[in-house]
Amino acid sequence: MNRRKFLRNTVPATVTMPALLNGFSFNAISSPQSALARLLGETTDTDHVFVLIQLSGGNDGLNMVVPLDMYANYYNARTNIAIPQSQVLRLDGTDKTGFHPAMTALQNMYNEGKLSVVQSVGYDNPNFSHFQATDIWSSGDTTKIRKDRVHTGWIGRYLENEYPGYPDAYPNNNMPDPLAIQISSVPTLTVQGEIYSMGLSISDPENIYSFVNPFNDYPLNSASANKELKFLRVVEEKTKIYSDLIKSAYQRASTMATYPAKNSLADQLKIVARLIKGGLKTRVYTVSIGGFDTHKKQVNASDTTTGPHASLMKNISEGITAFQKDLELMQLNDRVMGMTFSEFGRRIKSNASLGTDHGAAAPLILFGTHAKKGILGTSPDIPADIEVVNNIPFQYDFRSVYASVLEQWFCVKRPALDQILLKNYQSLPLIEGGPCGLPETPEENNNNADQLVLKMWPSPYSISATIQFSTNGGHTLIQQIDALGRVVKVLTSREYAAGTFNIDIYNDGLPSGAYFIRLQNQSLQKVITVMKIS
Amino acid sequence: MDRREFFKRARAADITRGKNNRMFSGLTPYTGSWTANEVAHLLKRTMFGAKKADIDYFLTLSPDAAVDELLNTVAIPSQPVRDYGLIEDEFGVKWDDLGVAQGQTWVNDPNILSNPGVRPIINILRVSSLRKWWAGLIINQGRSIQEKMVLFWQHHFSVQQSEVENAQLLYRHHALLRSNVLGNFRDLVKQVTIDPAMLIHLNGYVNSKQAPDENYAREMQELFTVGRGNDSLYTENDVIAAARVLTGWRVNYNSIDSSFDAGAHDTGSKSFSAFYNNTVIAGSSDGNAELDALVNMIFSTTEASRFICRKLYRWFVYYNIDDAVEAEVITPMAAILQGNNYDIKPALSVLLKSEHFFDIINQACYIKSPFDMVVGTLREFNVSFPAYTDYTTGYALFNSLYVNTAQMQQELFQPPDVSGWPSYYQDPMFYELWVNSNSLPKRADFTNALVNDSVIDIRAFANYSSNPADPNQLINDVTALLLRYPLSGNSKNYIKSRFLLNNTTDDTIWTNAWNSNNNTLINVSLQEMFKFIMNLPEFHLC
């Protein structure tokens, strides 16, 4: 063999690590028109684009969105990694919450009204495994046993509903471009449809693939081999078609803002902006950034505002801000919004190695010109006598956030919405002046929530207690959540007329300890802390 | 066949009826035909690619003897060596690695003698040497399952260079996997638990009584032993209790090993859930005894035997484990594993010798991993490489193997996360995750370059045919060697006409060219034909 040539052709100057190798994997293919799609029928006509940013590893939400109104308990729980109170970035219109000091760019974006923060997003029975929790967030199904969970992603189900018959009948006049593009080397569950991924994965938008497979028969009598061969044929076909489309869209547009260097998130968002500007009608883009699994040394001991987590906060902050600027210069900002998410937050109490272990609920950020400015929800209640096992209970179910995005950005209506998300979830005020109508503001929502009655006496309780709550009418849910963040009792979940009601508890069988009582009524919720003693 | 056997089969058939068309055959020993087709199936699954010479060799053995040879052939390689010269810093000053001379192994040198400023660079160069050495072993594999099993353990324990950042510890970890490649799984888990690279990778080294760190205790159960199957019912408290058992293990960089610090160990007693029979591990200051008790407790569950069998099944057979496979393959295989005290070899031997393994339904359904694609293709074309010990010319070539596979998303010492490569666990796509709009062009670039740059000798490959002058025979023979998924007669005719007959149906065009040794025509025709075949979707299956 010709060694010199082999070497020349196969050894690039430097070996890139997986984060940079991450290209776009694409897996899109046809699924039979689902019963779901037939049932729902109605398609929505919008040119709006949604960008999903995955923070892989479990982001420490408490150091990203710092609870100033709980500062003493926050500091007590994580003294070795706490952000000094004086350095927390203040936000317009609130003294309860601030940002990590590395997030000055996002602080400005918040103050300009382009950011919406949702507090304590999670779900009941939080899963602490990266793998399982990522699966849960991607699928939108919290079923404990993985085998019993749906095998599709929430975006995948939305796209399948919107574009039935993909990929066989695509591209077509109605949708001439990829439905979703993942800037990643491997397709993720989020965009998975019944059979095929609804997304195309790419890492280099100028990469061209030109092979045309001429064969379409299946001489082997084997269901498994034929399944894989069909898959490969479809991937080859769609890769050829869509790589041409992506390349030409990419080359039609050019970047208009300045993106920060050495920031993998910024690199990915930069490609997304160009593809949108280049005219792709693609509805959803996903990007990701890793490194959030900060079990150790997430801060520098000498200065807790610096260190690996601070770098991540800076990268997110500057990456998103540059992307928003780019979109504004391209005059696309009306059409695009985005959201961060992570598989879980981290433990309230830090560990001895300047890090934090796997936790439960955490804040997430929606950004864009139409993000409704504000902090939705209250700071998490941090116990003064913090223990290792204490977790942040969720205020908002993550599927409520998904429901709000689908409803307020993609104008998906019920009952299609409930089918896509497998259940009905409350809608939250996250988007303003979007294409689908005007919900209330976060302030109004928080005020309205404040006015709901939720109390329990006696507290602490032992054998019997009474919970009093008010509802504005409609579906009302009350859950009891333990210190680990798990829902241990559903005290009520049914339709109510507006009014104030009591629920009596007697001999509930729960071990003594701290609990949270969570009330949810339409888009409103309220959480109180109670104590059980023996 | 005796009556018991007959009814056993009938029962298995009942179980699978109506399930995705999957036919069924259990762990009964395979006694069917033994042709190049079955041999190629066995070799492509247990090695990287099936060379013509290997197929011919194993055809002379029985299926039983073939599997035995693959399982029993073990080579003990010498260690990776320093292949780098002096290190130039940013000011142009040249520094030496004072710990070890060129051509000598660095694995026992803790990298503390050289200038502190260049030690991190030395470490990077050593990691690079380690990767080249490993890739060299893979491309030079013998007739053995060994290299595919080493890669399996890398997938299973998934230790990442980016976390460990120490070449010596990475080598030590790798050597541990290599020396236990078909050994005792329980012993391996025990040793990996206190292996210094793993202690760093999953934070065991900071796990102390004062500040427990659950990372390893959680993954030990979820990813390494009992898994998250339906019957795996360990609790969050089991994670916390296991973390307490494992407090106190520390890493010594200079002696390249680990040790136990009794002062950091939690000496309280640790109680486990009903899943572990409410076991209580008494507190003590003997970390080893507690570790033994923990590992024994975990491996006394049936789930521990089933979980690893499912993983081996997905690595060697197919990803879809339906109820019938679970009942008729995984369950009995796990029983063999438990019956043999967790020795891997007997259980794997039964699987590889089974009717189920050779069932048509399990052939040609495996999407090639990047290593199957890169190393398998080079081996099947009989491209010769220097010995793995050849650091002067060999290492650079081995590096190209590492780079190519890494670009296709299978990077040595760097699986994407703690759970290994998603192609072997991510429902519902599994193997399909290897091939997508991103990786497909890279696979095509690779195989096209092999032809365009004459890395592979296509004339020699054509000569594997019993009669290369006959275009029908030639295509039959080369596609039989390269493709596990057969082409139909029409498809072969398409290839023949387009590449060998200048778009006609006249076979004599090729026969005359071959017989008259028309080099230009032969080479151009073969080049285009081989590129085409290696771009076919069928080529990605093995």
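Trainee: Which residue in β19(A) is the bridge partner of L477(A)?

Mentor: In this predicted model, L477(A) has Q520(A) as its bridge partner in β19(A).

Trainee: What makes β16 (residues 474–482) and β19 (residues 513–521) of chain A a pair of strands?

Mentor: Pairing calls for at least two bridges. β16(A) and β19(A) are joined by 7 bridges and run antiparallel, so they count as a pair.

Trainee: Where do these two strands stand in the order of their sheet?

Mentor: The order in chain A is β17-β16-β19-β20, an open sheet of 4 strands with antiparallel pairing. On average, neighbouring strands are turned by 15 degrees against each other, direction ignored.

Trainee: Why does one side of β17 (487–496) and of β20 (524–532) of chain A lack a neighbour in the sheet?

Mentor: Because β17(A) and β20(A) stand at the edges, each has a single partner strand, and one side of each is left without a neighbour.

Trainee: Turning to chain B, what makes α2 (residues 36–46) and α3 (residues 52–59) a packed pair, and which residues meet?

Mentor: Their axes come within 9 Å and cross at roughly 115 degrees. From α2(B), A36(B), V39(B), A40(B) and L43(B) meet D54(B), I55(B), F58(B) and L59(B) of α3(B).

Trainee: What is the geometry of α22 (residues 471–482) and α23 of chain B?

Mentor: Their axes are 10 Å apart, at an angle of about 115 degrees, and the crossing is right-handed. P471(B), N472(B), I475(B) and T479(B) of α22(B) meet K492(B), I495(B), K496(B) and L500(B) of α23(B). By class, this contact has 4 nonpolar, 2 polar and 2 charged residues.

Trainee: How many residues of chain B are in contact with chain A, and which element gives the largest share?

Mentor: In chain B, 68 residues are in contact with 63 residues of chain A. Among the elements giving two or more residues on the chain B side are α11 (215–225) and α23 (489–500), while α19(B) gives the largest share, 8 residues. That side divides into 31 nonpolar, 25 polar and 12 charged residues.

Trainee: What are the domains of chain B, and how far apart are their C-alpha centres?

Mentor: Chain B is divided into domain 1 (87–302) and domain 2 (458–540). The C-alpha centres of domain 1 and domain 2 of chain B lie 50 Å apart.

Terms used
Residues numbered from 1 in each chain as written. Chains lettered and ligands numbered in written order. Predicted model: local features only at pLDDT ≥ 70, side-chain atom pairs only at ≥ 80, totals over all residues. Axes fitted to C-alpha atoms, helices over the stretch in contact; angles between N-to-C directions. Contact = placed C-beta atoms within 7 Å. Nonpolar A, V, L, I, M, F, W, Y, C, P; charged D, E, K, R; others polar. Left-handed = near helix turned anticlockwise from the far one by under 90°. Domains from an automatic or database assignment.
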